[in-house]
Amino acid sequence: MNTFVNDLKREFKGYNTQRFLKDLLAGFTVAAVALPLALAFGVSSGADAAAGMITAIIAGIVIGGLSGASYQISGPTGAMSAILIGLSATYGLQGVFVASLMSGIILMLASVFKVGRIVSFIPSSVVTGFTSGIAIIIAAGQIDNFFGTTSSGTNLIEKLASYGQLGFSIDGMTLLFGAMVVGIMIIWPKKWQSVFPSSLAAILIALTFHMLLPYEVKEVGAIPSTLLPDVRLFMDQIPWSNMQNLIMPAVSIAALGMIESLLCGASASKMKNEPLHADRELLAQGIGNTILPFFGGVPATAAIARTSVAIKAGGQTRLVSMIHSLVLLASMFLLGPYMSKIPMAALAGVLMMTAWRMNEWREIHHMFDKRLKTNLAQFFTTMIATIVFDLTIAIFIGILVSCILFIVNNSDLSISVEDVDFKRLDKDLKYSHEQTKLIYLSGPMFFATQGKIKQVLKASITEAEALIFSMRGVPSIDQNGVQELNDIATGCKNQHIRVILCGVSASVMNQLERYEILESFDNIVWDAIEAITYLDGIYHEEERSI
């Protein structure tokens with residue numbers, strides 16, 4: 001709390017009318033962007049447009065006010081709606097509300113235990129794949145609203161498969177409104193975007209045409225002018241007996257809230273050159289998502305689209321988030337009758353374009369252009385897992401595949417067998433050392449490389465009096481690698497072949513000492529030159545003794 005108060009003092013230090021006017025303008029600008037998205041994400045979550053508006057209003061005030069930085073703008077998002085649509089189909093809105101409440105508690109615990117730092121360990125290709133998977137779910141989830149078709153099922157695969165039985169009968173007028181919105185958002189000039197967002201312009205144009213044309217299409221429906229709608233969570237209606245079924249959905253919502261909010265903060269902090277207090281952000285997200293169900297709202301998270309708009313519009317403090325909420329609240333009260341007439345196809349068009357723009361196309365193009373096979377494997381695996389499974393499983397699979405690929409890509413132990421190169425020696429030797437072989441090792445020695453050295457020695461060396469293993473390029477070794485070295489040394493000793501190690505790093509030496517195998521080698525020296533000199537001396541002593 002002391003840190004939060006001190007941050008507020010720094011944030012509002014020297015605050016004046018000029019800075020307030022910047023916040024006010026930024027708040028109105030963000031509200032213009034958030035309005036159509038709030039309506040659309042409310043519907044795509046399995047709730048209604050009013051739920052999306054309430055979510056944006058409450059989140060903007062509560063989460064924005066307690067946020068870990070001055071710039072975070074929270075509300076309903078496309079990624080969250082992709083999770084909620086399946087949850088609402090299975091457990092209804094009450095299930096969504098209870099899962100949101102539980103996710104808020106999980107986020108607050110994550111804040112207390114400082115779990116937020118885990119997000120930094122998720123590879124960027126996994127995040128990109130997850131984002132693309134979510135985009136596909138959002139777009140496919142709006143096929144019915146966009147084309148006027150009908151499907152059945154609780155997940156994307158089932159809904160797409162249902163078209164084979166139910167048919168795909170397109171309603172021309174519905175498609176007209178959806179295509180109109182998509183077309184407007186595509187051709188809308190970028191220079192107008194910061195003043196009047198394309199999504200809002202498209203919705204207004206579609207609404208105007210709908211009110212003028214004598215054709216009936218599916219509409220958004222009534223927008224209640226209250227923050228306490230009839231459909232919301234009540235303490236006496238919590239299904240305690242069904243709570244165990246909602247644990248995993250709650251974990252998924254909390255994980256997504258954590259990932260989206262912290263990644264948004266990381267991106268926005270670079271734009272504004274202001275650090276994000278990650279643990280406080282998670283606490284704010286937790287408090288907000290705990291409160292939202294009691295107002296009939298759906299889970300919220302920080303949104304990079306609205307946050308970046310706030311920064312680019314000149315937002316100074318967290319008042320931008322609160323002002324944007326107040327503007328949305330006024331819109332709900334004053335424009336509710338008009339918003340209720342918006343064609344569902346128009347919102348579907350907004351979501352289609354939002355899904356397309358969600359994809360990190362620059363990153364995807366870079367992976368294909370540079371043929372980054374590891375990144376592409378991470379990307380496609382996570383994307384497919386996101387579509388087929390839920391968020392937590394998709395992220396887990398993505399990270400697991402990343403770990404496996406990392407091991408595979410970094411398990412290559414390079415082995416080179418060479419003769420003694422006298423040109424590199426700065427001293428005269430008494431013997432030719434024709435039967436002395438240098439084995440240069442580069443890479444980690446662990447279970448994945450076990451047996452590789454033996455194979456190379458068997459294939460490359462027929463006769464030898466001494467083997468010098470240069471291990472300067474070996475950064476680490478595990479029990480399997482130690483065992484292989486010990487087996488090689490023991491086998492060579494039985495054949496009267498000397499084995500010398502050189503260039504052994506401190507960490508590798510610690511492992512050799514730990515497993516007590518140092519006596520298996522004839523000597524351990526600094527470099528190959530010292531090893532050859534040592535052998536030269538040994539041969540000389542043996543000759544003298546004879």
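1. Asp-279 counts as buried, at 17% relative accessibility, where buried means under 20% relative accessible area, exposed over 50% and partly exposed in between, with a 1.4 Å probe and protein chains only. Asp-279 forms a salt bridge with Lys-114, the closest N and O atoms being 3.4 Å apart; a salt bridge here is a side-chain nitrogen of Lys or Arg within 4 Å of a carboxyl oxygen of Asp or Glu. Asp-279 lies in helix α12 (residues 278–291) and Lys-114 in the loop between α4 and α5 (124–141), so the pair ties together parts 165 residues apart in sequence. Helices (H or I, at least four residues) and strands (E, at least two) are DSSP runs, numbered from the N terminus.

2. The model is a predicted one, in which local features need pLDDT of at least 70 and side-chain atom pairs count only at pLDDT 80 or more, while totals for chains, interfaces and linings use all residues. Residues are numbered from 1 along each chain as its sequence is written, and side-chain values use heavy atoms, with hydrogens and water left out.

3. By the rule given above, the count comes to 8 salt bridges. One of them joins the side chains of Lys-452 and Asp-412, at 3.1 Å from N to O, and this pair links distant parts of the chain, Lys-452 being in helix α19 (residues 452–460) and Asp-412 in the loop between α18 (391–410) and β3 (414–419). Lys-452 is partly exposed, with a relative accessible area of 29%, whereas Asp-412 is exposed, at 51%.

4. The largest nonpolar core has 106 residues, and those with the most contacts inside it are Leu-39, Met-53, Leu-328, Ile-342 and Leu-347; such a core is a set of buried Ala, Val, Leu, Ile, Met, Phe, Trp, Tyr and Cys residues joined through side-chain atoms within 4.5 Å. Helix α4 (residues 78–112) supplies the largest share of this core, 14 residues. Apart from it lies another core, of 27 residues, among them Val-482, Ile-488, Ala-489 and Val-504.

5. In helix α10 (residues 198–212), the 15 residues should span 21 Å at 1.5 Å a residue, and the end C-alpha atoms are 21 Å apart, which agrees; the expected span is 1.5 Å times one less than the number of residues. The buried residues of α10 include Leu-200, Ile-203, Leu-207 and His-210, and what covers the buried residues includes α2 (17–44) and α14 (319–339).

Note on methods: Contact means heavy atoms within 4.5 Å.
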